[in-house]
Amino acid sequence: MNESLIKKDGLIIAGPCSAESEEQLVTTAKSLAKTGMVDVLRAGIWKPRTNPGGFEGVGLKGLSWLSTAKKETGLPVGTEVATSRHVEDALHYDVDVLWIGARTSVNPFSVQNIADALKGTDSTVLIKNPVNPDLKLWIGAVERIRNAGITNIGLIHRGFSSYGNKEYRNAPIWQIPIEMMRIFPDLPMICDPSHIAGKRDTLHSVSQKSLDLHYNGLIIESHYKPEEALTDKEQQVSPDQLSNLLNQLVWKKESINLPEYQQKIESLREQINQFDDELIHLLQSRMMVAENIGELKKINNVTVLQSNRWNEILEKMLSKTRNTKLSEDFVKSMMELLHVESIRIQNDISNR
Ligand code: PEP
Ligand code: MN
């Protein structure tokens, strides 16, 4: 498939979590095409299920349904691949976009196996973040696919699993995709609000947040009868609901050419730069004091960690925070970072 397919800003990929029957897939595809807002039809053919015995996808026959849906709607189609065999079968049926799921991108053996099968093809491959929040695994998966000579690569942020997580099905941990965008500025970042939210009513807020972060597209699960879906039914929306959702989203631009805007933003950014300079100086001064404390402790055979003192610092800072607009979580995380660094410095001194 051509490069422009996933390089387009505002890319919308939609379709059922799973292909269930030819009727379900083709009817859903036609309704999605009618909205005029969908660029690629998605459907899972091979489904990685957490528990055995769940619906594991229709397999090979689903590929011919995808071909039919493509013929009837003109939409390019995409599916998930987890093995080299899946890649070969999907390419045999001219699937336009392949994506590597979160339970596969977590495993370098599987990713390499897929990369080997992709060698010599000009496939378009989307790589979902691994299930656990491991930035390096995600980077590694991109490198393996790239090393196979694939140039049409995109990223999908589908959130990260965690124990007992209530608010989201998969916590977004936005700083990880933000870091991926910094490392791979040329790769489109697509948000998968369906698997992050896990339920229909938060799809909008997750989608809008991603657009505010300048993501390039969205992949959203849509089923002609969401309440009857065999997989992920709480998060799927009908094509009508999808088109309402898309109409409510505001796509923002990275910048605008209004002189008044430029002037204001430059002046605000200058303030940020000055505060950042001060922060660096303050941090350096604070760490120098921590170093002096470390020397004193060493000479006097005193332990590096003193829980009471650490507790006192944290309590003091949190109580100060209550009179500010800063969030306690933020201040707590920042103080924890500072404390870990002070301990590292003092441990180094103690081991000298
Ligand atoms: C899917 O897209 O239906 C899917 C299985 O996603 P993930 O790999 O993100 O769980
Ligand atoms: Mn799904």
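Okay, quick definition to start: two strands pair if DSSP finds at least two bridges between them. Helices (H or I, at least four residues) and strands (E, at least two) are DSSP runs, numbered from the N terminus.

What you see above is a predicted model, where local features need pLDDT of at least 70, side-chain atom pairs count only at pLDDT 80 or more, and totals for chains, interfaces and linings use all residues. Residues are numbered from 1 along each chain as its sequence is written, chains are lettered from A and ligands numbered from 1 in the order in which they are written, and side-chain values use heavy atoms, with hydrogens and water left out.

So, strand β8. Strand β7 (residues 189-191) runs parallel to β8, with 2 bridges joining them, and Cys-191 sits opposite Leu-218 in β8. β1 also runs parallel to β8, this time with 5 bridges, and there Leu-11 faces Gly-217.

Is β8 buried or exposed? Buried means under 20% relative accessible area, exposed over 50%, partly exposed in between (1.4 Å probe, protein chains only). 5 of the 5 residues of β8 are buried, so the rest of the structure largely encloses this strand. In a regular strand the side chains alternate between the two faces of the sheet. Here, Gly-217, Ile-219 and Glu-221 are on one side, Leu-218 and Ile-220 on the other.

Now, which residues hold the manganese ion (ligand 2)? Cys-17 (SG), His-195 (NE2), Glu-221 (OE) and Asp-232 (OD) coordinate this ion, at 2.1 to 2.4 Å. Cys-17 is in the loop between β1 (11-15) and α2 (22-35) and Glu-221 is in β8 (residues 217-221), so this pair ties together parts 204 residues apart in sequence. Donors, by the way, are N, O and S atoms within 2.8 Å of the metal (3.2 Å for Na, K and Ca); water is not among the atoms, so sites may look incomplete. Cys-17 is buried at 2% relative accessible area, and Glu-221 is buried at 0%.
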